[in-house]
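Visitor: I would like to learn how to read the helices, the sheet and the core of a protein model. Where do we begin?

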Amino acid sequence: VTNEISKRITKLSILGKNHTPNFYDYTKAKYYPKLREIFNERQTICCMRLFLMCEDIYKSAERVLYVDSDVICMQSISEIESLDFHDKAFAAVRNSKQDTKIICNVKVENVFNAGILLFNVDKWRDTTEHTHQMFAFLKKYRPILADQDALNVLYQDNYVWLSDYWNYSCEYKYRKAEFEKIQFLHFTGP
């Protein structure tokens, strides 16, 4: 992202005056070359969201909201500021269409889509195990959905569940009443 585009996006931000979007050249991150040995560029980019939590760029942040590029924010998201993490490293939306899935020969209950992830940065960073476990899993299995599969296997039920409205798939049919509750509309699928 160029500086000019970054400035434009920041101006358009609906996050409010205390919150600004951050842009980072992921190719400068310490895990980038290691991940490129395992994955293609697209998969590496997806994985970088997890490994950037360990970098110094978030040293002053308590929470980081990751949003996929195929997601539209539909309304204020200010309530995430008060979300109780219950000492867990992140929050995600459980996939209501698929409760159970076999990922890399592991039966996973309560599968989630990683298009919207709210990180408890201190908890994620303080537990260096997260980074080592993620990297070891990715290197060993090279899963199709890379970091999403790794997170689902390694953290199964060990995350805070967000309401479906926080990562609402556009493939679901919704009524007008539901549409007004949607926080993020996710254009998943083909």
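Predicted model: local features only at pLDDT ≥ 70, side-chain atom pairs only at ≥ 80, totals over all residues.

Visitor: At what angle do helix H3 and helix H6 pack?

Guide: Helix H3, residues 41-51, packs against helix H6, residues 146-155, at about 45°. The two are therefore oblique to each other. Their axes are 7 Å apart.

Visitor: Which residues make the contact?

Guide: H3 contributes Gln43, Cys46, Cys47, Arg49 and Leu50, and H6 contributes Ala146, Asp147 and Leu151. By type, five residues of this contact are nonpolar, one is polar and two are charged.

Visitor: How should I read a spacing such as three or four places along a helix?

Guide: An α-helix has 3.6 residues a turn, so residues three or four places apart point the same way. In the contact here, Cys46 and Leu50 of H3 both take part.

Visitor: Is H6 enclosed or open to the outside, and why?

Guide: H6 is largely enclosed by the rest of the structure, because nine of its ten residues are buried. Among them are Asp147, Gln148, Leu151 and Tyr155.

Visitor: Now the sheet. In what order do the strands run?

Guide: The order is E1-E6-E3-E7, in an open sheet of four strands with mixed pairing. Strand E1 (63-67) and strand E7 (160-162) are the edges, each pairing on one side only. On average, neighbouring strands are turned by 30° against each other, direction ignored.

Visitor: How do strand E3 and strand E6 pair?

Guide: Strand E3 (residues 90-94) and strand E6 (residues 112-120) pair in the antiparallel sense, over four bridges. One example is alanine 91, whose bridge partner in E6 is leucine 118.

Visitor: Where do H3 and H6 lie on the strands?

Guide: H3 lies across E1 and E6, at about 30° to E6. H6 lies across E3 and E6, at about 70° to E6.

Visitor: What about the core?

Guide: In soluble globular proteins, nonpolar side chains tend to be buried together. Here the largest nonpolar core has 35 residues, and those touching the most other members include Leu35, Phe90 and Leu151. H6 gives the most to this core, with five residues. Leucine 35 touches Thr44, Cys47, Met48, Phe51, Phe135 and Leu138, leaving aside residues up to four places away in sequence.

Visitor: Which residues does the second core include?

Guide: The second core is separate and has twelve residues, including Ala91, Leu118, Trp166 and Phe184. Ala91 and Leu118 are the bridge partners named above.

Notes
Residues numbered from 1 in each chain as written. Heavy atoms only, no water. Axes fitted to C-alpha atoms, helices over the stretch in contact; angles between N-to-C directions. Parallel < 35°, antiparallel > 145°, perpendicular 65-115°, else oblique. Contact = heavy atoms within 4.5 Å. Nonpolar A, V, L, I, M, F, W, Y, C, P; charged D, E, K, R; others polar. Pairing = 2+ DSSP bridges. Buried < 20%, exposed > 50% of the residue type's maximum accessible area, 1.4 Å probe, protein only. Core = buried A, V, L, I, M, F, W, Y, C linked by side-chain atoms within 4.5 Å.
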